[in-house]
Amino acid sequence: METKLTGGETPLLTFQIITDTHVTADPAHEYNRNFERALQDLAVHAQGSSGIIHVGDITDHGFPEEYAEVHRILGQYRTVLPEIRYTLGNHDVGIGHWQPQLAEVGLGDWESRLGMYTSRMGSPGPYHDHWIGGYHFIFLGTEEGLPIFCSLSEEQLQWLERKLGERSDGGPAAADQPVFLFLHQPLMNTVAGSLEEQEWYGVTQDKELRAILDKYPQTLLFTGHTHWELESEHTMFPGNGETATMFNAASVAYLWNNEDVHIDGSQGYYVEVYSDKVLVRGRDFTTGTWVDSACFEVPVLLKTRG
């Protein structure tokens, strides 16, 4: 196990982040091979981890045969990896139109595809939360089958605000306790790929979500969707104690760069939580090396608004 120590201190919690695996029905496809390579890296370096977080676009189209391939790949590493928890991506429910053979009579395309996602990946729904090692992990997800954007209902936004204000024992959340939030699409003009001219932002309720995050600057938000490589500018959007700190998590399947060019590659994050900071470390799964320019330190003691 490769565990980073800070001044001799052992992390209180470690977990890993992957996103945009885009698994296809073809076992030989580059995306599928990249997913296997990422899991190989995690099997070696994530020992002792409290979990792996997938930030969406598990499959390329949400087809049953693609989910079967996801499980074939996962099956090779299931005994050596921690639990994987999933976020809903636009490719899982919003790309194209289809009717699975096993769809219940009377269900529309959105209901069928959401049902496929929840049943195949064991997720309770578009949004859910978990307490892991004393820390709150919150997952958001679209409630419409949109091709690029996500749409968060008023009910989901109210749920998020309640959850951000909770402590595991039922008391109010503490400002010095980081909260980990996951949503496939980034807010506009925040992380790499989300600049307005780049056109890969995608939260319909952008303004409403920002207003909530401004109240909880101890939140770390991880997003996928853009595929921008970790070496890009704006991989991290600093909250500076005024809002959530946000991270672009790149992609496992393939990458994109600031020149608007597709590049081969596969990347993700290893996260270490300490008493006074959170370290977010970029990892290149293709080369099996750390991305030095994507190593970030977020102080735990964040300023709250008066």
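How do the residues of the lining of the second largest pocket divide into nonpolar, polar and charged? They divide into seven nonpolar, one polar and two charged, where Ala, Val, Leu, Ile, Met, Phe, Trp, Tyr, Cys and Pro count as nonpolar, Asp, Glu, Lys and Arg as charged, and the others, Gly among them, as polar. This is a predicted model, in which local features need pLDDT of at least 70 and side-chain atom pairs count only at pLDDT 80 or more, while totals for chains, interfaces and linings use all residues. Residues are numbered from 1 along each chain as its sequence is written, and side-chain values use heavy atoms, with hydrogens and water left out.

**Pockets**

- A pocket here is an open set of points on a 1 Å grid over the protein atoms alone, with protein on both sides within 12 Å along at least five of seven lines, and its lining residues have an atom within 4 Å of a point.
- The second largest pocket holds about 170 Å³, a volume being the space filled by probe spheres set on grid points joined across faces, edges and corners.
- Its lining includes His71, Arg78, Glu83 and Met121.
- The largest pocket has a volume of about 200 Å³, and of its 16 lining residues the closest to its centre are His91, Trp200, His225, His227 and Tyr254.

**Helix α4**

- Just after α4, Gly122 takes a positive phi of about 70°.

Terms used:
On a 1 Å grid over the protein atoms alone, a cavity is a set of points where a 1.4 Å probe fits but cannot get out, and a pocket is an open set with protein on both sides within 12 Å along at least five of seven lines; lining residues have an atom within 4 Å of a point. Helices (H or I, at least four residues) and strands (E, at least two) are DSSP runs, numbered from the N terminus.
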